[in-house]
Amino acid sequence: MNDSTMPAKKNRRIAPLALIAAAAGAGLLSLTLTGTLSGFAASITNSANTAGSGTLVMQEQSTGTTPVTCTSNSGAGGVGTNTATCATINKFGGSTVLVPGNVVSTDITIKNIGTANAGTFTLTPGAACAQSNNGAVNGTATDLCAKLKVVITAGGTSIFNGTAATLAGAPAISITPAPAAGVSVPVTIKVTLDTTADNTYQGLAASLPLTWAFAS
């Protein structure tokens with residue numbers, strides 16, 4: 001055997017082994033860099049992320065055997081304006097036969113029928129108390145509003161005690177607490193014709209708008 005051929009054969013055997021080892025190392029490096037090896041992991045997905053607006057709707061209802069109900073969203077604009085006029089519940093009682101000393105009491109409830117709590121609750125009187133004739137026989141007095149005593153109680157607390165004349169144009173009256181969703185506030189309005197009213201006050205009428213309001 002020629003000894004000069006021995007190293008060449010040995011090199012031929014080693015070379016494939018070196019290539020295999022290099023390939024295995026490259027594969028291991030590839031696995032490490034691409035992150036395909038197993039490890040610890042944790043995650044949370046919030047799948048129900050929603051938000052929506054509530055409603056703030058006022059309901060006014062008279063008492064008695066045949067209660068009358070008005071709601072703030074019953075106007076032409078619906079809940080978009082949320083403002084309505086209720087002419088079917090007369091807060092001054094609607095009596096046309098008052099005599100001096102007579103008291104007419106009207107009970108109503110103001111309820112938050114929306115889903116949102118009210119932040120404030122106010123009563124705003126109209127700018128003026130209007131006097132007019134009542135029937136065919138009319139006295140000559142021009143200050144009937146000053147002879148009509150008005151007492152307003154809300155939730156058991158007196159919020160106004162004076163005349164219709166002083167109530168007119170008064171600043172908004174705050175009523176506390178403002179009702180939460182689903183809560184009602186009982187309101188009583190008593191109107192009395194002053195005992196000093198004489199014959200000149202016969203056959204007269206007075207009216208004053210009242211506006212109840214919620215705000216969030």
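Biologist: Hi! What share of the 216 residues in the protein is buried?

Modeller: Buried residues account for 27% of the 216, where buried means under 20% relative accessible area, exposed over 50% and partly exposed in between, with a 1.4 Å probe and protein chains only. This is a predicted model, where local features need pLDDT of at least 70, side-chain atom pairs count only at pLDDT 80 or more, and totals for chains, interfaces and linings use all residues. Residues are numbered from 1 along each chain as its sequence is written, and side-chain values use heavy atoms, with hydrogens and water left out.

Biologist: Thanks. How many helices and strands does the protein have?

Modeller: There are three helices and eleven strands. Both are DSSP runs numbered from the N terminus, helices being H or I with at least four residues and strands being E with at least two. Along the sequence the pattern reads α-β-β-β-β-β-α-β-β-α-β-β-β-β.

Biologist: What is the strand order in the open sheet of six?

Modeller: The order is E2-E1-E3-E9-E6-E7, with antiparallel pairing; two strands pair if DSSP finds at least two bridges between them. E2 (69-71) and E7 stand at the edges with a single partner strand each, so one side of each has no neighbour in the sheet.

Biologist: And what does the twist average from one strand to the next?

Modeller: The twist averages 20 degrees from one strand to the next. The axes behind that are lines fitted to C-alpha atoms, for helices over the stretch in contact, and angles run from 0 to 180 degrees between N-to-C directions.

Biologist: Let's look at E6. Which residues are on its covered face?

Modeller: Leu-148, Val-150, Ile-152 and Ala-154 form the covered face of E6, while Lys-149, Val-151 and Thr-153 form the uncovered one. E6 pairs with E9 in the antiparallel sense over seven bridges, and Thr-153 stands opposite Thr-188 in E9.

Biologist: How many bridges join E6 to E7?

Modeller: Six bridges join E6 to E7, which run antiparallel. Lys-149 stands opposite Thr-163 in E7, and Val-151 has Asn-161 as its bridge partner there. The hairpin of E6 and E7 has two residues between the strands, and Gly-155 takes a positive phi near 60 degrees in it.

Biologist: Nice. Now the largest nonpolar core: which residues have the most contacts inside it?

Modeller: Those are Val-150, Ile-152, Val-187, Ile-189 and Trp-212, in a core of 38 residues. A nonpolar core here is a set of buried Ala, Val, Leu, Ile, Met, Phe, Trp, Tyr and Cys residues joined through side-chain atoms within 4.5 Å. E9 gives the largest share of this core, five residues.

Biologist: What is Trp-212 in contact with, leaving aside neighbours within four places in sequence?

Modeller: With contact meaning heavy atoms within 4.5 Å, the partners of Trp-212 include Met-58, Glu-60, Ile-108, Ile-110, Phe-121, Val-187 and Ile-189. One of these, Glu-60, stands opposite Ile-110 in E3.

Biologist: Last one: what share of contacts between residues at least 6 apart in sequence join residues at least 24 apart?

Modeller: That share is 75%.
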